[in-house]
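I opened the model today to look up a few local details. My notes follow in the order I checked them.

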Amino acid sequence: MFRKWYSMGKVVNFDHFVFIDRKKDQKKEEENVQESTHNRTSYNNPAKIKDMPTISVHEEDLENKLGEKISEEKLIDICFDFGLEIDEVEIKNGKKIYKIEVPANRYDLVCVEGLCRALKNFMGNFEKIEYEIKMNSKDACLKEDHIVNVHESVDDKRGYIVSCILKNVYINEQVYNNIIELQEKLHHNIGKKRQVLAIGIHDYDKIKFPVQYKFEDKSKINFIPLNESTILNGCNLLKYYEDNSNLKPYLKILKNYDMYPILIDVKNNILSLPPIINCDYTKITLKTKNLFVECTAIDKYKAEIALNIICSMLSQYCNPPYSIHSVLVSYDKNHLLEKGNYYLYPSFRNKTLRCNMKYVKTLSGISNITIDDVQMLLKRMMLNVTINDTENFTVDIPFYRSDIMHCCDIVEDIAIAYGYGNIMNSEEIAISKKHLLNTCTDLFRNALVECTYIEVMTNALLSKKENYIYMLRHFKNYENVNINLNEYNPLAPPIQIMNSKTSEYEILRTSLIVNLLKFVSANKHRELPLRFFEIGDVSYAAQNKTDTNAINKRYLSVIFADKFTAGFEELHGLLEIVLREFQLFNDYKIEEKKKENVSVRSDVFYKLIPREVDIVLFPHRLKFGILGIIHPTVLKNFSIDIPVSVFEVNVETLLNVLMIFAVNSDNTSSKWGGTSYESKLSFSNFLNAKKEVMCLIGEKNRLREFPHASIPMHCMRLFQRLTVYGCECGYAGEMLNTQKVGSRPKFSSTSHCGSAGVYALPVFTHSGHPHKYGLFITC
């Protein structure tokens, strides 16, 4: 019944999940394509789409910072080569103002100072900048009272603060506007509209240090906000600014707070009420000489990035240039997050990355690049390179380039400096094909659907309690180096969500079984038996084994539930059906076939280990799945009162082993015999027959005619299996004329299952006469 629903596109509703009408989906997708085509002109309207930060650059300021006069056309070309775009050009008081879009992850380019510095070096006018952090010790900060004390009342709602001091700052009207714009761009970008962090810049000379950061009852808060003349009480804060178009979007951050975060000095003067507004008393003006910068946040790492960007950009206006004074941030011993720790800010920590020339050439496509070229190109991108040998080099990453996390980011900068338009592809362009893993997944999916099992899609996140305590298991230690990435690993250490908002979603799933049990629990009142399956990715930690210390694997999980039987025997048979798609048999099945004088693949097989419910590949001895009945205690934990059986396999383990065998085996075809057309197909044949055409219908000398609309199921299954290995399959209609074997046929109608334009070969009977209808397979 379900197969009819599946093919007709009906809706099958279950609790928590909905199977969507595929015909409606297709119609909706066509409407979306038409709508996106209709709205394509709106992409040029910056008021509608603001995906990237846009900064305002005044022509006079640009020329001063670049050190030369530059035309609009040249600036457009330079920005284009650097990967930027001039959105529009405004004319104000006879001067041009360029609106330049910058990448959202380049926090060092969200201000005029950083942008002009990067463009200047990109043009070849190299500038060596050395930052000096003064009073960079605990004793020096204590002596000058450059201290921010964090009270124990500060909780995880906004639990961190970073700070610095800039002295002898030259501020004119243009610099003042640049400071405000930098602050707002960081708020909007890395600060996520002040939800993650909020920056306050104050007049240092009006503050009596040390400063304290604490949470205070809103009824006790009284201060004069920025650009106001009357005292405002904390209880009236939200109501007072609800009509203020600039501050209204940020009021929701404090909506559910009983106590508000504030910064006060020794005289109990309120300096700031983050993330809403500063006080009027410490506002900066054109006469301000020294700046106190503070940044409160829920993420300490991002707060440090924002502070480093401000220091690196605004310190150029200090005297001496690029000098910054440290501030000691000291947390109370009862502070919820830091427990008495202290830090010196700013913290300029440069990092290094070691890269290989082979990796650079492969990823960039620049085949003739040398290591000396790389050094010069990265110099244009303000990155210093140390050459280790002819093939390896080390890159020093500046503290303000937080966007560089991997060698691929280095290669991107190399390609930008080299010029994407200058990269000549010497290799033949390869047309992309469907990924082998996805094709294999579709093969499994179709086989299970034919067995009346229903596919579900569940959440990738779940709780630790469900994944481990409910399942009566414990995950391995994160430092465990004995984890075999090629095996089935449901007990591998999970990927955890930092600062999860709910206990329901704490980790990424390491197995699909948990969510299938939850699905059965939610639908146990429906007609029995319940037959579900899911094919999806799981994730787990792989310490020091991948670049991200994590790995994804594709799993297949099948579950059966009924009132009177757990259905173990049904899942056992289903497992054999699924694995037979790869000509993979159990050891006892091979013995049965040999008794029947049928030759089957026997070099790779699997065994069921009863006591451990493991499915193991031989001769490799790789555990690639489990098969068994769910423990009664586990069923009780998930509120299931009917017996349940499951099996789960690691699809990638299976695929990798068989593909490795195909590549390494020289005489694979000699191990395949018998009369079945399936026994004549092997991985080796599929991989090596690049231009060979094979026509295989039924068994030898048993070709028969069949109508156009009813291709035999065993042939369709053969199509699916061939598609896994990159073969094209199709159906040829009635032949118009008799041709020799191997010539290209002419026929009145075709219906290709594979891609268009493949070669069709007429099917001949054993007597040599062309068949009226035929199937063709092209590798």
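**Entry 1: a serine in a loop.** I am working from a predicted model. I went to Ser463 and found this residue in the loop between β24 (461–462) and α15 (464–469). Is Ser463 buried or exposed? I read a relative accessibility of 8%, and buried means under 20%, so Ser463 counts as buried. I then followed the side chain of Ser463, which reaches the backbone nitrogen of Glu466 at 3.2 Å. Next I set aside the neighbours within four places in sequence; Ser463 is then in contact with Ser503, Glu504, Glu506 and Ile507.

**Entry 2: a sheet.** I traced an open sheet of 7 strands with mixed pairing. I noted the order as β15-β14-β13-β10-β7-β18-β19. The edge strands are β15 (277–278) and β19 (342–345), and each pairs on one side only.

**Entry 3: two helices.** How do α3 and α5 pack, and at what angle? I noted about 50° between α3 (residues 59–66) and α5 (residues 112–122), with the axes 9 Å apart. That angle makes α3 oblique to α5. I logged the crossing of α3 past α5 as right-handed. From α3, the contact is made by Asp61, Leu62, Lys65 and Leu66. From α5, I listed Val112, Glu113, Cys116, Leu119 and Lys120.

Definitions and conventions:
Residues are numbered from 1 along each chain as its sequence is written. This is a predicted model: local features need pLDDT of at least 70, side-chain atom pairs count only at pLDDT 80 or more; totals for chains, interfaces and linings use all residues. Side-chain values use heavy atoms; hydrogens and water are left out. Helices (H or I, at least four residues) and strands (E, at least two) are DSSP runs, numbered from the N terminus. Buried means under 20% relative accessible area, exposed over 50%, partly exposed in between (1.4 Å probe, protein chains only). A polar contact is a pair of N or O atoms within 3.5 Å; within protein, one must be able to donate a hydrogen and the other to accept it, and residues adjacent in sequence count only if both atoms are side-chain atoms. Contact means heavy atoms within 4.5 Å. Two strands pair if DSSP finds at least two bridges between them. Axes are lines fitted to C-alpha atoms, for helices over the stretch in contact, and angles run from 0 to 180 degrees between N-to-C directions. Angles under 35 degrees count as roughly parallel, over 145 as roughly antiparallel, 65 to 115 as roughly perpendicular and the rest as oblique. A crossing is left-handed if the near helix is turned anticlockwise from the far one by less than a right angle, and right-handed if clockwise.
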